[in-house]
Amino acid sequence: MKSDSTTVQNQKPSIYQNAGRIILGCFLLLAGISHLTWSRTEFLAQVPPWLPIDPDWVVLLSGFVEMILGLSLLFVLRQRVKVGWIVALFFVLVFPGNIAQLVEHRNAFGLDTEAARWARLPFQPLLIIIALWSTGAWQSWRNSKTN
């Protein structure tokens with residue numbers, strides 16, 4: 001008998017889920033590339049000052065991770081549920097950077113007011129939801145709770 005995770009993996013995702021996964025994958029790939037190139041300085045504004053690591057290394061590492069996650073969303077379809085959970089976890093782990101930008105009053109990416117920095121915060125949970133929904137990870141978890 002197949003596990004619920006395997007069942008969800010074998011279910012054909014809807015066209016909307018596939019579109020969400022592809023858009024999110026492209027978004028992460030582009031964001032990762034921008035970490036290493038044109039937006040590197042902007043991303044430094046999001047590194048919390050309490051991290052005991054060189055901020056530039058954090059930007060570079062997170063950029064590489066974003067590129068790998070983006071490519072995984074696009075091409076590692078047999079493991080899409082696992083990839084969805086990993087992407088969601090990544091979004092949780094980088095959320096303190098958004099909070100640091102707000103608390104430290106750092107301007108970056110056009111977020112140069114308190115209102116703009118506050119308005120950005122709800123987008124992180126939205127990204128988590130999209131990652132879990134578009135990969136079937138949320139459905140897999142719900143199925144495991146009902147069986």
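Of the 147 residues in the protein chain, 39% are buried (under 20% relative accessible area, with exposed over 50% and partly exposed in between, using a 1.4 Å probe on protein chains only). The coordinates are a predicted model, in which local features need pLDDT of at least 70, side-chain atom pairs count only at pLDDT 80 or more, and totals for chains, interfaces and linings use all residues. Residues are numbered from 1 along each chain as its sequence is written, and side-chain values use heavy atoms, with hydrogens and water left out.

**Whole chain.** Show the cartoon: there are eight helices and zero strands (DSSP runs, H or I of at least four residues for helices and E of at least two for strands, numbered from the N terminus). The C-alpha atoms fill a box of roughly 50 × 30 × 25 Å along the principal axes. Among contacts (heavy atoms within 4.5 Å) with a separation of 6 or more, 74% join residues 24 or more positions apart.

**Helices 2 and 7.** Select residues 15-36 and 123-134. The axes of helix 2 and helix 7 come within 8 Å and cross at roughly 130° (axes are lines fitted to C-alpha atoms, for helices over the stretch in contact, and angles run from 0 to 180 degrees between N-to-C directions). Helix 2 is therefore oblique to helix 7 (under 35 degrees is roughly parallel, over 145 roughly antiparallel, 65 to 115 roughly perpendicular, and the rest oblique). Show side chains next: Tyr16, Gln17, Gly20, Arg21, Leu24 and Phe27 in helix 2 meet Leu127, Ile130, Ala131, Trp133 and Ser134 in helix 7. By class, these contact residues are seven nonpolar, three polar and one charged (Ala, Val, Leu, Ile, Met, Phe, Trp, Tyr, Cys and Pro are nonpolar; Asp, Glu, Lys and Arg are charged; the others, Gly among them, are polar).

**Helices 5 and 8.** Move to helix 8, residues 137-146, which packs against helix 5 at about 105° with the axes 8 Å apart. That angle makes helix 5 roughly perpendicular to helix 8. Val81, Gly84 and Trp85 of helix 5 make the contact with Ala137, Ser140 and Trp141 of helix 8. Four of the contact residues are nonpolar, two are polar and none is charged.

**Asparagine 98.** Stay on helix 5, residues 80-103, and select asparagine 98. This residue is buried, with a relative accessible area of 7%. The asparagine 98 side chain makes a polar contact with the side chain of arginine 120 at 3.4 Å (a pair of N or O atoms within 3.5 Å; within protein, one must be able to donate a hydrogen and the other to accept it, and residues adjacent in sequence count only if both atoms are side-chain atoms). Leaving out residues up to four places away in sequence, asparagine 98 touches Gln46, Arg120, Leu121 and Gln124.
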